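Biologist: Please walk me through this one. I'll ask as I go.

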Amino acid sequence: MTVTIRPPAYTNLPQSQQVNPSELRPIENSVLEFAIESGARSVEIEVNGDKRTIARDANRSLADRMTATRSGYVIVTADDGGRRLMPMTVIPDALPAVRIVAPGGDLVFSGGNRRLQFETQATDDFGLRSLRLRYTKGVRVRGRVCVHGG
């Protein structure tokens, strides 16, 4: 059996192939492609309790694909009695860490230049494509503060 692991495009990681793997360690949302060599007419693939039967296709191949969303196991059972169990550890895509470095807290303006400069720091395990800043501002009207978002 050959398993091709295709990581999500945004990771910019290359695909990899494993022949007769003892375990699978895909990144979350990777596509796994199974190419099974067997004399069997069909195989059953069980992934974390979900089973499906795969029959030979027009090319006489036994193949299947799935998206790796959670850790667990993959069992491939051929109708001729062959069986493979592979533990699967799905590596989660960590959330980005974002920090506003400046300004360091709430600001109060009584007039003058109302432009602000922001400095941010952001890291992510596979890179960050964009960052959107959401803010609230308060405006004092007749002694009350009205808050507006942006």
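Biologist: What is the relative accessible area of arginine 6?

Modeller: Arginine 6 has a relative accessible area of 32%, so it is partly exposed. The classes are buried under 20% relative accessible area, exposed over 50% and partly exposed in between, with a 1.4 Å probe and protein chains only. This is a predicted model, where local features need pLDDT of at least 70 and side-chain atom pairs count only at pLDDT 80 or more, while totals for chains, interfaces and linings use all residues. Residues are numbered from 1 along each chain as its sequence is written, and side-chain values use heavy atoms, with hydrogens and water left out.

Biologist: Which residue forms a salt bridge with arginine 6?

Modeller: Glutamate 33 does, and the closest N and O atoms are 2.9 Å apart. A salt bridge here is a side-chain nitrogen of Lys or Arg within 4 Å of a carboxyl oxygen of Asp or Glu. Glutamate 33 lies in strand β3 and arginine 6 in strand β1, so the pair ties together parts 27 residues apart in sequence. Strands (E, at least two residues) and helices (H or I, at least four) are DSSP runs numbered from the N terminus.

Biologist: Glutamate 33, buried or exposed?

Modeller: Glutamate 33 is buried, at 18% relative accessible area. Glutamate 33 also forms a salt bridge with arginine 65, at 3.5 Å between the closest N and O atoms. Arginine 65 sits in strand β6 (residues 62–67) and glutamate 33 in β3, so that pair ties together parts 32 residues apart in sequence.

Biologist: How many salt bridges does the search of the whole structure find?

Modeller: The search finds four. One of them joins aspartate 64 and arginine 52, at 2.7 Å from N to O. Aspartate 64 is in β6 and arginine 52 in β5, so this pair ties together parts twelve residues apart in sequence. Aspartate 64 counts as buried at 15% relative accessibility, whereas arginine 52 is partly exposed at 31%. Through shared partners, salt bridges join Arg6, Glu33 and Arg65 into one network.

Biologist: OK, the fold. How many helices and strands are there in the protein?

Modeller: Zero helices and twelve strands. Of the 150 residues, 24% are buried.

Biologist: What is the strand order in the open sheet of four strands?

Modeller: The order is β5-β4-β7-β8, with antiparallel pairing. β5 (50–55) and β8 (83–88) are at the edges with a single partner strand each, so one side of each has no neighbour in the sheet. Neighbouring strands are turned by 15° against each other on average, direction ignored. For that angle, axes are lines fitted to C-alpha atoms (for helices over the stretch in contact), and angles run from 0 to 180 degrees between N-to-C directions.

Biologist: How many bridges join β4 to β7?

Modeller: Five bridges join β4 (residues 42–47) to β7 (residues 72–78), and these strands run antiparallel. Two strands pair if DSSP finds at least two bridges between them. Valine 47 stands opposite valine 74 in β7.

Biologist: And asparagine 48, where is that?

Modeller: Asparagine 48 is in the loop between β4 and β5. Its phi is near 50°, a positive value in a residue other than glycine. At 14% relative accessibility, asparagine 48 counts as buried. Asparagine 12 also has a positive phi, near 60°, and is placed in the loop between β1 and β2. Asparagine 12 counts as exposed, at 69%.

Biologist: New topic. How many aromatic pairs does the search find?

Modeller: One. The ring centres of tyrosine 10 and phenylalanine 126 are 6.5 Å apart and the planes are at 80°, so the pair is edge-to-face. The criteria: rings of Phe, Tyr and Trp (its six-membered ring) pair with centres within 6.5 Å, and planes under 30 degrees apart count as stacked, over 60 as edge-to-face, the rest as tilted. Tyrosine 10 is in the loop between β1 (2–6) and β2 (16–19), and phenylalanine 126 is in the loop between β10 (119–123) and β11 (136–141), 116 residues apart.

Biologist: Last one. Which residues make the nonpolar surface patch?

Modeller: Ile100, Leu116, Phe118 and Leu133, over about 340 Å². Patches take residues with over 30% relative accessible area and no salt bridge, joining like charges within 9 Å and nonpolar side chains (Val, Leu, Ile, Met, Phe, Trp, Tyr) within 5 Å. Accessible areas come from the Shrake-Rupley method with a 1.4 Å probe, and for residues only the protein chains shown count as cover. Isoleucine 100 lies in β9 (residues 97–102) and is partly exposed, at 41%.
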